[in-house]
Amino acid sequence: DVLREHGYLRARAIGLPVVYLPESAVERVSGSLFVMPMHTMDNEAHRWDAAKYADFVESIRPRFSTVVVCIHPSCRRKGYWCPEFEKRGFRIMDGVEYTNSNGLYRLQKLFQSFEFVTTNGLGSHIFYSAYFGAKPSISGPFAECHPEDFKDTVL
């Protein structure tokens, strides 16, 4: 917006988009854990062991005041993660797809609401959660990605 005000009409926010969001006041729930398993995209195929990761999260569950599991819509469509976490009685919510125009605002509110965020792999959610004041970790059985998982990926 600042650049556009100064005549740069084709300026666009790029890079780490969450830094462009306005500040937001949200009350963080003390002792809460937000679980974000690795996610897939529609044209990828992974062989992650959802039961093993869900067992790990179940084992640490008593340490937290509340635990919510966030599943990417692409994973839900493919049947990744949800059945194993549902079996164990976890509260599950949908994550955000890049096409969601309010997705970054939603992530901002979520990351500001939880004290801890954990995942089983690398991704932007680690940096986003830290930026918004949560305490991120990578823990439990690591969700490895293999070159063949991306053989149908279109760039």
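A salt bridge is a side-chain nitrogen of Lys or Arg within 4 Å of a carboxyl oxygen of Asp or Glu. By this rule, the count in this predicted model comes to eleven salt bridges. Side chains of opposite charge can pair when their charged atoms come close.

**View 1. Glu-115 and Lys-135 meet in a salt bridge.** The N to O distance between the two side chains is 2.8 Å. This pair links distant parts of the chain. Glu-115 lies in strand S4, and Lys-135 lies in strand S5, residues 135–138. The two partners are 20 residues apart. Glu-115 has a relative accessible area of 16%, so Glu-115 is buried. Lys-135 is partly exposed, because its relative accessible area is 44%.

**View 2. Arg-61 forms a salt bridge with Glu-58.** The closest N and O atoms are 3.0 Å apart. Arg-61 has 23% relative accessibility and therefore counts as partly exposed. Glu-58 also has a value of its own: 31% relative accessibility, so Glu-58 counts as partly exposed.

**View 3. Lys-151 and Asp-152 pair through their side chains in a salt bridge.** The N to O distance is 3.4 Å. Lys-151 is exposed, because its relative accessible area is 64%. Asp-152 reaches 48% relative accessibility, so Asp-152 counts as partly exposed. The cut-off for exposed is over 50%.

**View 4. Asp-55, Glu-84, Lys-87 and Arg-88 are joined into one network.**

**View 5. Leu-16, Val-19, Tyr-20 and Tyr-131 make a nonpolar surface patch.** The patch covers about 390 Å². Val-19 is found in the loop between helix H1 (2–5) and strand S1 (29–35). With 36% relative accessibility, Val-19 counts as partly exposed. Why can Val-19 belong to a patch? Patches are made of residues with over 30% relative accessible area, and Val-19 has 36%, so Val-19 passes that cut-off.

**View 6. Helix H5 spans residues 103–113 and holds several buried residues.** Gly-103 is one of the buried residues. Leu-107, Gln-108 and Leu-110 are buried as well. Phe-111, Gln-112 and Ser-113 complete the list.

Terms used
Residues are numbered from 1 along each chain as its sequence is written. This is a predicted model: local features need pLDDT of at least 70, side-chain atom pairs count only at pLDDT 80 or more; totals for chains, interfaces and linings use all residues. Side-chain values use heavy atoms; hydrogens and water are left out. Patches are made of residues with over 30% relative accessible area and no salt bridge: like charges are joined within 9 Å, nonpolar side chains (Val, Leu, Ile, Met, Phe, Trp, Tyr) within 5 Å. Accessible areas come from the Shrake-Rupley method with a 1.4 Å probe; for residues, only the protein chains shown count as cover. Helices (H or I, at least four residues) and strands (E, at least two) are DSSP runs, numbered from the N terminus. Buried means under 20% relative accessible area, exposed over 50%, partly exposed in between (1.4 Å probe, protein chains only).
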